[in-house]
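Reader: I'd like a close look at one part of this protein, and I'm new to reading models like this. Could you start with the sulfur atoms and then show me the part of the fold around them?

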Amino acid sequence: MDTSHVQAYVSFSCELKIIQARNVEFIKSTKNLFARFYLPIGNNKRIKLNSKNVSTKLVPFWDESFNLDCSCPQEFLENLNQQSLVLELRQRKMFGSQLIGKGEIPWKVILESQNMELKKWLKMDLVSGSDCKEVMLTTPEVEVEIKVKVSSVAEMEKQNNKKFNNWNECGCKNGHDHNAWCNAEDCDIFALGAALEAF
């Protein structure tokens with residue numbers, strides 16, 4: 001039997017944690033600050049994850065995690081190595097939200113870090129026209145922690161005695177187990193965002 005065309009799948013487990021922000025005193029309005037992750041999933045598609053809102057009156061503290069467990073083709077990891085995890089600092093407005101700052105972490109850095117775990121303060125590049133004071137003494141930063149585990153699907157099923165969702169057949173309309181990533185409200189927002197991005 002020719003197995004040269006059989007696609008290899010791996011188990012991909014990822015935990016994203018947004019911990020806190022600092023140097024955000026420049027934001028004029030002190031309410032409704034949140035973070036947004038963008039995760040590439042291949043074929044020029046990405047998942048959007050929103051954190052809860054926090055106030056900047058005190059140290060903005062989220063301590064919030066997002067988790068994903070699924071199987072994916074080996075080539076997904078190879079493509080992921082050439083992309084970046086994007087994090088945006090945003091402020092909720094009456095209609096939508098306003099981008100304040102943006103930072104990126106190359107997935108290659110995450111996947112090549114010790115035990116594929118990375119905890120760091122990510123600097124946010126301010127977006128021109130954002131609602132902030134004209135004078136800013138320090139750069140806003142967000143503390144994040146990323147943990148990734150990769151192993152063969154057969155090995156994980158044997159250890160955990162459970163079946164992992166296939167990357168493209170996990171039951172989610174977006175090709176992922178969206179319940180692991182966001183609540184129903186976030187998923188509705190993601191679906192709307194995906195529809196708008198298509199135009």
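**From the sulfurs to the sheets**

Author: Let's begin with cysteine 14: its sulfur is 9.7 Å from the closest cysteine sulfur, the one in cysteine 70, and that is too far for a bond. Before going on, please keep in mind that this model is predicted: local features need pLDDT of at least 70 and side-chain atom pairs pLDDT 80 or more, while totals for chains, interfaces and linings use all residues. Residues are numbered from 1 along each chain as its sequence is written, and side-chain values use heavy atoms, without hydrogens or water.

For cysteine 70, the closest cysteine sulfur belongs to cysteine 72, at 5.7 Å, and this too is too far for a bond. A disulfide needs two cysteine sulfur atoms within 2.5 Å. By that rule, the count is zero disulfides. Are cysteine 14 and cysteine 70 buried or exposed? Cysteine 14 is buried at 2% relative accessibility, and cysteine 70 is buried at 1%. (Buried is under 20% relative accessible area, exposed over 50%, partly exposed in between, using a 1.4 Å probe and protein chains only.)

Now for the sheet. Strand E1 covers residues 9-22, and it pairs with E4 in the antiparallel sense over eleven bridges. (Strands are DSSP runs of E with at least two residues, helices are runs of H or I with at least four, numbered from the N terminus; two strands pair if DSSP finds at least two bridges.) You can follow this pairing by finding tyrosine 9, whose bridge partner in E4 is proline 73. Then find serine 11, which stands opposite serine 71 in E4. E1 also pairs with strand E9, residues 141-152: twelve bridges join the two, again running antiparallel. There, glutamine 20 stands opposite glutamate 143 in E9.

Which strands make up the whole open sheet, and in what order? The four strands run E4-E1-E9-E7, with antiparallel pairing. Strand E4 (61-73) and strand E7 (117-123) are the edge strands, each pairing on one side only. In a regular strand, side chains alternate between the two faces of the sheet.

Aspartate 63 is found in E4, and it has a positive phi of about 50° although it is not a glycine. Aspartate 63 counts as partly exposed, at 40% relative accessibility. Asparagine 115 gives you a second example, with a positive phi of about 60° although it is not a glycine either. Asparagine 115 sits in the loop between helix H2 (107-111) and E7, and it is exposed, with a relative accessible area of 59%.

Next, the rings. The count comes to two aromatic pairs.

Phenylalanine 37 is in strand E2 and phenylalanine 66 in strand E4, so to speak a link between distant parts of the chain, 29 residues apart. Phenylalanine 37 and phenylalanine 66 are both buried.

Strand E2 brings you to another sheet. This open sheet has five strands in the order E3-E2-E5-E6-E8, with antiparallel pairing. Its edges are strand E3 (45-50) and strand E8 (125-126), each pairing on one side only. E2 itself, residues 33-42, pairs with E3 in the antiparallel sense over six bridges. To spot this pairing, look for leucine 39, whose bridge partner in E3 is isoleucine 47. Asparagine 50 is also found in E3, and at 5% relative accessibility it counts as buried.

The charged end of arginine 22 sits over the ring of tryptophan 121, 3.7 Å from its centre. Arginine 92 lies over the face of phenylalanine 34, at 4.1 Å from the ring centre. (Here NZ of Lys or CZ of Arg must be within 6 Å of the ring centre and within 35 degrees of the ring normal.)

Terms used:
Rings of Phe, Tyr and Trp (its six-membered ring) pair if their centres lie within 6.5 Å; planes under 30 degrees apart count as stacked, over 60 as edge-to-face and the rest as tilted.
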